[in-house]
Amino acid sequence: MSTMWNDKAPVAAAPSAAAFDAWRVRADFPALRQTVRGRPLIYLDNAASTHKPKVVIDTVARFYSEEYSNVHRGVHYLSQLATDLYEDARRTAQQFLNARREEEIVFVRGTTEAINLVAQTFGRSKLGPGDEIIVSAIEHHANIVPWQMICREKGATLRVIPIDEHGELILDAFEPMLSERTKLVSIVHVSNALGTVNPVKEIIEIAHRHGVPVLVDGAQSVQHMPVDVQELDCDFFALSGHKIYGPTGIGVLYGKKALLDDMPPYQGGGDMILSVSFERTVYNDVPFKFEAGTPNIAGAIGLAAALKYFRSLDIAAIAAHENELLEYATRKLEAIDALRIIGTATHKASVISFTLCAVHPHDIGTILDQHGIAVRAGHHCAQPVMQHFGIPATARASFSFYNTMEDVDALAHGIESVLEVFT
Ligand code: PLP
């Protein structure tokens, strides 16, 4: 049986008895009402990006129509209002992740920028020749390439926790990899390509026993389960707003204050300084030290609206509903002879990657699109995962709380149509 929840996740033990009404929440999402190619849209590409509830769209529109100005440097009314909204957004993100302090929340463009920031600051200042960074074999390219770049520059080595045939980490291999050379473990919480939920709490405990800090890539986890960075005790946590019903171009890097304080700035410019002269520049405190230039003000405010919207729903009921979608879709797709599900971990989020005998995943995606069904086809920015399974690509259906059992039926029916074209 698949389950969405990491067994360490707090809500797993007590899923809400209340059934989740996906049809009711769909009404909050204007984009889901449209037809594409003459069919009602069935949107199953949520791991790539989620649609936006009206409250997020309205919040961003109101900001630009009535509240807009640049932040932090103005004495006039609108600048103070925009600054208050922007800093309120930071507090919303802090509460959402249960960070101890608001200074631990750095606004970035998304998970990719968050990881690059840590690689270019923490990595650049801590790594030397012979040092090591540990990632896993199911990382998104965003949690591989920044480390390759800084390792190459510093003469350090990137080491990889292996996975088994289900797409689960081989944890027994992890602890022996840790040594005094290890400077950071950077690990994905939920794999975008396979849906595997990693036991990050256990990984963090093991790494900390060896004095090694841990970054968690939460791009695919925060929209499916409650995340408490203090409870996890992770040292860094990265998320992307657009994957949790918020705007694009905004995300969060959480970092423990002592670590952020110790890290040099990432980019230079306005806002990240206290004073500048040609002789000496004094950097600002965290988080501003890492937010050079005019930030994505509307994005941060829209993200806060998205986080509040998500929190207003019953997250345990969301998890139960998404798990039902996953189980129902798994059963339906497994019944199709030519179909192979890639990624069969015990703990999975609502993501199903699959191949269909000799049909190229792009053809699957294109034919499903003719039925109004949006799935993603490709390597999902996780080419090492594809190499592990000996395939170039998969088709991937990824479910949100606004998907229904009818969407799953339509997907299964659409896949049968794909097979009819190719047989
Ligand atoms: N990490 C994971 C697991 C992802 O799924 C993604 C995006 O799909 C990223 C990182 C990168 O996120 P973004 O493109 O929003 O920076």
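Biologist: Why are helix 2 and helix 9 called roughly antiparallel?
Modeller: In this predicted model, the axes of helix 2 and helix 9 cross at roughly 150 degrees. Angles over 145 degrees count as roughly antiparallel, under 35 as roughly parallel, 65 to 115 as roughly perpendicular, and the rest as oblique. Helix 2 and helix 9 are therefore roughly antiparallel. The axes come within 9 Å; they are lines fitted to C-alpha atoms over the stretch in contact, with angles from 0 to 180 degrees between N-to-C directions.

Biologist: Which residues of helix 2 and helix 9 make the contact?
Modeller: Contact means heavy atoms within 4.5 Å. Helix 2 contributes V55, V56, T59, V60, F63 and Y64, and helix 9 contributes I297, A298, I301, G302, A305, A306 and Y309. By class, eleven of these residues are nonpolar, two polar and none charged. Nonpolar here covers Ala, Val, Leu, Ile, Met, Phe, Trp, Tyr, Cys and Pro; charged covers Asp, Glu, Lys and Arg; the others, Gly among them, are polar.

Biologist: Is the crossing of helix 2 and helix 9 left-handed or right-handed?
Modeller: The crossing of helix 2 and helix 9 is right-handed. That word applies if the near helix is turned clockwise from the far one by less than a right angle, and left-handed applies if anticlockwise.

Biologist: What makes helix 2 and helix 3 roughly antiparallel?
Modeller: Helix 2 (residues 54-67) and helix 3 (residues 77-97) pack at about 160 degrees, with axes 11 Å apart. The pair is therefore roughly antiparallel, and its crossing is left-handed. F63, E66 and E67 of helix 2 meet L78, L81, A82 and L85 of helix 3. That contact divides into five nonpolar, two charged and no polar residues.

Biologist: How do you know where a helix starts and ends?
Modeller: Helices are DSSP runs of H or I with at least four residues, strands are runs of E with at least two, and both are numbered from the N terminus. Residues are numbered from 1 along each chain as its sequence is written.

Biologist: What is helix 10 relative to helix 13, roughly parallel or roughly antiparallel?
Modeller: Helix 10 (residues 315-334) and helix 13 (residues 405-422) pack at about 20 degrees, with axes 10 Å apart. That angle makes helix 10 roughly parallel to helix 13. Their crossing is right-handed. E324, L325, Y328, A329, K332 and L333 meet M405, V408, D409, L411, A412 and I415, giving nine nonpolar, no polar and three charged residues.

Biologist: How many residues surround the ligand?
Modeller: There are 13, and T112, D217, Q220, S240 and K243 are the closest.

Biologist: Is the peptide bond from V286 to P287 cis or trans?
Modeller: Omega is near 5 degrees, and the bond is cis. P287 lies in the loop between strand 12 (281-283) and helix 9 (297-312).

Conventions: Predicted model: local features only at pLDDT ≥ 70, side-chain atom pairs only at ≥ 80, totals over all residues. Heavy atoms only, no water. Near = heavy atom within 4 Å.
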